[in-house]
Amino acid sequence: MPHALWSGAISFGLVTIPTKIISATEDHSIRFRQVHLADMGRVRTRKECSIDGETVTQDEIGKGYELSKDDLVPITDEELDAMPLPTAKAIEIVAFIEADSIDPVRIGDSYYLGADGDVAKKPYTLLRKALERSDKVAVAKFAWHGRERLGLLRVREGAIVLHSMHWPDEIRSPESLAPKAVELDDDEIERAVQLTETMATDDITQFRDRYRDALEELIEAKAEDKVLPEPDEGGQQQDSGKVMDLMAALNASVKAAKEGRGEAGADATVHEMKPRKKAAKKTAARKGPAKKTAAKKRNAS
């Protein structure tokens, strides 16, 4: 069992639940050391003062807030400890809401909340049952690494999970990133929907980090002086500057997805598109008004 990262209590109205935080995820990323290539000695980071160039020890290092490039305000640990932080040892539930109302962009890291001792068993189970029966999630405040954070409590396989959340003013607006209005053919939209249905799945545990697998093979081969594995040439990226035939790409994607599921033969045949002649006649019939409408829209913008 992983070690507890934090211990305190959940504040649920007048109910107190002793708890401890355990990380719900593991980082399996492969990390490297910086080395001197001549002799493979480790290259370490030295902490030096930017003014006198002297190497400083940890007890000589403090905190400073940068007002400008050359203007720093010193802040001591004693001053930070004196700051009001009522949730320093508590996860204070402040509201219950519908899970669907939470924007996934706001959700950060995930942690398990374990019942800390026998005294926590009954109130822990009470909160879990209340969340399950109400079909709601709890919004809470808690302190983490010297600052107050917003959190979300929900139930997963009988355990209460704490998700850290971003405050509302920490979410950037994507408005400027969305592309301008473009014209799409209904056939293109329908084919895209067909692709989503073909690629639908109820199980995502099948997916693996292929890059990490390949990196582990490389490290093992070099460590044991084996022949290095051949590079995978199957993941070539498409040239982003090349003009894409959207419908052709969708048709090919649907066919590939069906073949990947073993739906070969007749089942993998892509439906023919509507005859272009009829679409051309309809377009020609309203060519004049459409041009005028487009011109009005351009003038208005």
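Accessible areas come from the Shrake-Rupley method with a 1.4 Å probe. On this basis, the protein, examined here as a predicted model, exposes about 24,300 Å², and carbon and sulfur atoms supply 53% of that area. Of its 301 residues, 20% count as buried. The secondary structure comprises seven helices and eleven strands. Among contacts between residues at least 6 apart in sequence, 60% join residues at least 24 apart.

The largest nonpolar core contains 20 residues. Within this core, the most other members are touched by Ile10, Ile21, Ile91, Ile93, Leu113, Leu127 and Leu153. At least two core residues are supplied by each of strand 1 (6–12), strand 2 (15–23), strand 7 (90–98), strand 8 (107–115), helix 2 (121–134), strand 9 (136–144) and strand 11 (159–165). Strand 9 provides the largest share, four residues. Beyond its neighbours within four places in sequence, Ile91 is in contact with residues including Trp6, Ile10, Ile21, Leu113, Phe142, Leu153 and Leu162. Another core, of six residues, lies apart from the largest one; Ile102, Val139, Leu152 and Met165 are among its members.

Conventions. Residues are numbered from 1 along each chain as its sequence is written. This is a predicted model: local features need pLDDT of at least 70, side-chain atom pairs count only at pLDDT 80 or more; totals for chains, interfaces and linings use all residues. Side-chain values use heavy atoms; hydrogens and water are left out. A nonpolar core is a set of buried Ala, Val, Leu, Ile, Met, Phe, Trp, Tyr and Cys residues joined through side-chain atoms within 4.5 Å. Buried means under 20% relative accessible area, exposed over 50%, partly exposed in between (1.4 Å probe, protein chains only). Contact means heavy atoms within 4.5 Å.
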